[in-house]
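Please look through the structure below slowly, one part at a time. The report that follows takes up its parts in turn.

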Amino acid sequence: MREKEEVELTLIQALINIQERFGYLPEDKLKEVATRFGVGEAHVWGVATFYNIFRLKPLGKTHIKVCMGTACHLAGGKLVVEAAERELRIKVGETTEDLRFSLERVACVGCCMLAPVVVINEKVYPRMSPLKFEEILIGYREDEEKS
Amino acid sequence: MTFEEIKNQAQKYVEELNSTTNIRIGTPTCGRAAGALEVLSLFRRELEKRGINLHLIEVGCFGLCYAEPLVTIFKPGFFNVVYGNVDPESVGRLIEGYVEGDDPCLELALGTLEFNEEGAPYIPEVTRFEFEKRVLLRRCGIVDPANVWHYIGMGGYEGLNRALKMSPKEIIEEIKRSGLRGRGGAGFPTGIKWEECAKADSQVRYVICNADEGDPGAFMDRVILESDPHQVIEGMIIAGYAVGAKEGFIYIRAEYPLALRMIKHAKKEAEEIGILGENVIGSGFSFNLHVVEGAGAFVSGEETGLISAIEGRRSEPRVRPPYPAHKGLFDKPTLINNVKTLSYVPWIMENGAEKFSNIGTSKSKGTAIFTLAGKVKYPGLTEVPMGTTLKTIAYEIAGGAKEGKKIKAIQIGGPSGGCIPEDLFHTPVDYESLLSLGSMMGSGGMIFMDEDDCVVDTAKFFLDFVQKESCGKCTMCRLGTSQLLHMMEVITKGEATKEDLKLLKELAEDVRMGSLCGLGKSAPNPVLTTLRYFYEEYLSHVEEKRCPALVCKDLIAYFIIPEKCDRACEHCKLSCPVEAITGEKGQPKYIVQDKCVKCGTCMKVCPPEFRAVIKVSPIEKLKDLDLRKE
């Protein structure tokens, strides 16, 4: 009984670890986890699709998170999301076909006084607007092309 | 080591620190976003270049988030000075001025840092401290969160030491006498919860610290974990000893990487000096702590949902009873408390129940912590005695609205809370008063709205959030919230009727009745409170197709006033992302409404001396404006 408990305890942690390594949860890894922990694939799949941080598809090289917490919403976060969708020509939760950019909305990164906030590859951009976002994106596109 | 030995060593460290000039820089998540790490590395480089050797300490959040990055220079024999909004340019000036010289650089200072007779820090020059009472936050922003000696030197683990000399029963009595109630939102008396768990018949018990702070707009748990993690661990050990649990779990969202790192580090430190693990400071009691990463689901904050998450399943709440105190984690009796609740415990053990129950109101004891965000001058974090009025918090502490605007309402407690209008700001904050207004204490996030914010749109925003976060177990929550959201969308599009508003209220009540856990039960609160206090605004949307705050996209349009347009300037035309603005050079610019995506860029870029771009609602109004032009 005790052993089963330990197994259960670490399932989410195991998925977090996989995602940290690969950037997403590849399907074959999910199968491995199911075998390793002695649970059904459906169980692992259920957990992986339930929680917000898990992704089943790879991210773009530049990962853009637009904060949609309450403070960011009031300060116009939605306009920034719309600008991002327009500029990148993808919807929230998608990755561009060339795998360069991916877009995600997150619920509060905890810097409400800097709202609205965009996080690009872990760098926080405070007080965004559609225009500022476009400018920052141009910078990233140029960097991409150089490299 | 005995506790006396540990304490001696800690005091030696603190004495040594206090006898030399030292610099403390706030590097919590919010400080980092404001550029604290750049300031830190610049300080490091400059000090090295000048050959100055002193303690440069990374501390947590002091609550004055509007002034980040925050730097404090402690100088023996001189005033300790706090500097706000420190930018890389001022680093050299501060070192030359106050580290090397005796010029406190007052033009960059927020004020001096003083400590009151209870040891809580305050800045006399900043008004908000007159209204605050710092219990949980008394060390935040002062203590080095990554150094257990600093914590102990400032009185840390004193409460644990005292508790371990008492019997578990005595501790529970003490907590009961203090009147402490759960700070997770519902306000259940903590002592009774502990007693229930301790009484449950089992060999194995668990303690869980709920650090799954999911409310979008609240961050006090994160601040405590990042700024004073040992306080939480101390509370957990005392709770474990009191209820007879040898294992503790702290569940932190993976979205809080810094908090995770801090708590893991603190755990290691506490283990190394024998405060955690086998035989806690020689008492014979053993306590192991496990740090569990959460994967992001709002419903995990519900206690039975959180238990499911630790067990590695989807965090679907369970039916209560049985309560976790009887049958919780792995079906064993489990005590589950919020970060703040547990953090009060060491203070109560150190200072006694009476001192705690002397703070606050007759039914709500102690202090309350709120995050202040939205349209106020001084966003941040505050700790006030229970019973402080909303007015004091809004105007004295948060500084009121920005730039000559007016505060319209406060949304308290996020998606589970309610929207309270300005004319009720005389209400004191305590569990019962907030409930009577249809809101709740909730997590303690306060979002301030001014006249530019639409309450209908905000209610829709929260519904959208809970609808996405509903785990799907209860039909009323799963389908009810999605239907509510749909109705709100219809309203904000101006396609609803007055009849729909009645239905909206009815369905909101049904969702509340038909849901199992707190998420579903409180999900309709934002809708119900806004209907109650801002019915007029709903009516404007429905009957006039007008959004009074000019927010709801489908009901507004942008318009360039030809007389005000400079004509020669092309800012709006060049920055429009969809090329919806026409008009030759020298001619007034004109917005092609069919192309306009209403992003507001033209309004932002129109130079302030013209202010030619306006928003109008209802869209019908455009006709009049256009006619006038011709």
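## Chain A in outline

Along the principal axes, the C-alpha atoms of chain A fill a box of roughly 55 × 35 × 20 Å.

## One residue of chain A: Leu114

Where in chain A is A:L114 found? A:L114 belongs to the loop between β2 (101-106) and β3 (118-120) of chain A. A residue is called buried here if 20 or more other C-beta atoms lie within 10 Å of its own, and A:L114, with 24 other C-beta atoms within 10 Å, is therefore buried.

Leaving aside residues up to four places away in sequence, A:L114 touches A:P126 and A:R127, and also B:A33 and B:A34 of the other chain. A:L114 and A:V124 are ten residues apart in sequence, while their C-alpha atoms are 9.4 Å apart in space.

## Where the two chains meet

Between the two chains, 43 residues of chain B are in contact with 37 residues of chain A. On the side of chain B that touches chain A, the elements that give two or more residues are α2 (29-33), α12 (303-310), β11 (367-374), β15 (445-450), α17 (455-469) and α24 (601-605) of chain B. Sorted by class, this side of chain B has 23 nonpolar, twelve polar and eight charged residues.

## Chain B and its domains

The domain assignment of chain B gives five entries: domain 1 (3-115), domain 2 (153-356), domain 3 (367-453), domain 4 (456-544) and domain 5 (556-629). The C-alpha centres of domain 2 and domain 5 of chain B lie 56 Å apart. As for the confidence of the prediction, chain B averages a pLDDT of 94, and 99% of the residues score at least 70.

## Strand β11 and its partners

Strand β11 of chain B, which was listed above among the elements that touch chain A, has eight of its eight residues buried, so it is largely enclosed by the rest of the structure. Which way does β11(B) run beside β12(B), parallel or antiparallel? Strand β12 of chain B, residues 380-385, runs antiparallel to β11(B) and is joined to it by six bridges, with B:E383 in β12(B) as the bridge partner of B:I369. The strands β11(B) and β12(B) form a hairpin, with five residues between them.

β11(B) is also joined to β15(B), this time by four bridges and in the parallel sense, and in β15(B) the bridge partner of B:G374 is B:F448.

Four strands of chain B form an open sheet in the order β9-β8-β7-β10, and their pairing is parallel. Why is one side of β9 and of β10 left without a neighbour in the sheet? Strands β9 (288-294) and β10 (334-338) of chain B stand at the edges and have a single partner strand each, so one side of each is left without a neighbour. On average, and with direction ignored, neighbouring strands of this sheet are turned by 20° against each other.

Within the sheet, strand β8 (residues 247-253) of chain B is joined to β9(B) by seven bridges, and B:E247 stands opposite B:N288 in β9(B). Helix α10 (residues 229-243) of chain B packs on the sheet, touching β7 (206-211), β8, β9 and β10 of chain B, and the direction of the helix makes about 150° with that of β7(B).

## A second hairpin

Strands β13 (residues 407-412) and β14 (residues 418-421) of chain B pair in the antiparallel sense over four bridges, and B:I410 stands opposite B:I420 in β14(B). Their hairpin has five residues between the strands, and in it B:G413 takes a positive phi near 80°.

How values were computed: Residues are numbered from 1 along each chain as its sequence is written. Chains are lettered from A and ligands numbered from 1 in the order in which they are written. This is a predicted model: local features need pLDDT of at least 70, side-chain atom pairs count only at pLDDT 80 or more; totals for chains, interfaces and linings use all residues. Two residues are in contact if their C-beta atoms, placed from the backbone, lie within 7 Å. Ala, Val, Leu, Ile, Met, Phe, Trp, Tyr, Cys and Pro count as nonpolar, Asp, Glu, Lys and Arg as charged, and the others, Gly among them, as polar. A residue is buried if 20 or more other C-beta atoms lie within 10 Å of its own, exposed if 12 or fewer, and partly exposed in between; C-beta atoms are placed from the backbone. Two strands pair if DSSP finds at least two bridges between them. Domain bounds come from an automatic or database domain assignment. Axes are lines fitted to C-alpha atoms, for helices over the stretch in contact, and angles run from 0 to 180 degrees between N-to-C directions. pLDDT is the predictor's confidence in each residue, from 0 to 100.
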